[in-house]
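The stops below are given in the order in which to select them.

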Amino acid sequence: MAKVGIVGGGIIGSAIATWLIADGHQVTLYERDPGGKPASGGNAGLIAVPQIYPVARPGMLVQVPGWLTDLLGPLTVRWRDLPSMAPWLVAFLKAATPRGEARTMDALAGLARTVLSDHFELGRRARLTGHLRNTGALSVHDRGASLDAAAALYGEVKRRIDVDFERLTANAARALVPELEGAFAGALHFKDFWIVTHPMPVLRHYQGFVRAEARLIGSAVKAVRQGASGVTLEAEDGSASTYEFVVTAAGIWSRELVRQLGLKVLLEAERGYNTTYDHPKMQLKMPVIFGDHGFVATPFVDALRVGGAVELASPEAPPNFARAKAMRAKMRRYVPALPEEGGIEWMGRRPSTPDSMPVISRHPRDRRILFAFGHGHMGLTYSAATARLVAAMVAGKEDAKLLAPFDIARFQ
């Protein structure tokens, strides 16, 4: 069994650590802010198996001027960060072609096919049960043309993975979710759609498992040193340890370590916002995706979360909570009972690649260094599958064909 150091204790790093511990490896997990609220705990809580399509989609070029002017829209770029993000944005727009979309969908389908079984296996390894709920989901659309486009898109998804959905009238959708009192053209109903009971307790359980069964160090890693006898992680708390394998799973913070290792990567912060209502007076039966506005409302156990959208900005830029307020206002067009008061606002930094595919690979010149980051807003969904794949790499038994699209070599 191997000695493995993992950089990053969010849902990706914690899932990898959990899987490796259960395989018998000696694991140390580094997390810069173990008591904080990372993107892994503030996400929408969806196990979004059908969402294998990229953010960069055909026809997107005509929308660029709108992104730069509508700071509260579903996808926006902060003006002041535009120069530094130019390489990422150029690659993003180049990926927004039919060929690029198909390439990403084919690759993510390979992960999506095992998502649920991987989540159940990860929970079994961590002695966690009851954290997954099959609620179904609705995607509501304002216009018939938007509903047609969504049905066509998920038809392409269905060609690749088993997705069960049906098209509903607005009245039929309201029969499932009566709170949808506002006007809309219709909806897609996903019958087999899973969510977690609440993402933060799930993350804390995996982190707690690591604390109990291995070692969790509450410090960021400032350097990775390659040596003949192993790979050394130097932490900001002054400690340094050498490992047989090192996994970089530190989300947006991974890019600095990647550059230290002499590699390139296009990784930017896809910042998301939400509002969470604890013990809400009104609740939804299932998640409702507002397909024309880029956000979702998710019913957790004793909570309701309204959030999503994409803001491309520097990780250090101050949050713009007007985006969270705008989502609440938009949701009240459909669900008038949603209160304005009583919610807790939040912003998280989701690590995003231009092609919407994570990096899950080895260092091209050092097989001891592994990468697992860049999952964007799909981190929770693909966390368990990523853990299984990284564990296979540690064991030297990886599926090279499945992993090929996710190789960091595509950025070199």
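Helices (H or I, at least four residues) and strands (E, at least two) are DSSP runs, numbered from the N terminus. The model is predicted, so local features need pLDDT of at least 70, side-chain atom pairs count only at pLDDT 80 or more, and totals for chains, interfaces and linings use all residues. Residues are numbered from 1 along each chain as its sequence is written, and side-chain values use heavy atoms, with hydrogens and water left out.

Select strand 8 (residues 186-190), where histidine 189 lies. Histidine 189 counts as buried because its relative accessibility is 10%; buried means under 20% relative accessible area, exposed over 50%, partly exposed in between (1.4 Å probe, protein chains only). Beyond neighbours within four places in sequence, its contacts (heavy atoms within 4.5 Å) include Asp164, Phe165, Glu166 and Met286.

Next, go to the largest nonpolar core, which has 72 residues. Such a core is a set of buried Ala, Val, Leu, Ile, Met, Phe, Trp, Tyr and Cys residues joined through side-chain atoms within 4.5 Å. Ile6, Ile16, Ile52 and Val247 touch the most other members. Helix 11 (residues 379-394) gives the most to this core, nine residues. Another core, of 28 residues, lies apart from it and has Val177, Tyr273, Phe295 and Ala309 among its members.

Finish at the open sheet of three strands, ordered 11-12-13 with antiparallel pairing. Strands pair if DSSP finds at least two bridges between them. Strand 11 (221-227) and strand 13 (240-243) are the edges, each pairing on one side only. Four bridges join strand 12 (residues 230-235) to strand 13; glutamate 234 has alanine 240 in strand 13 as its bridge partner.
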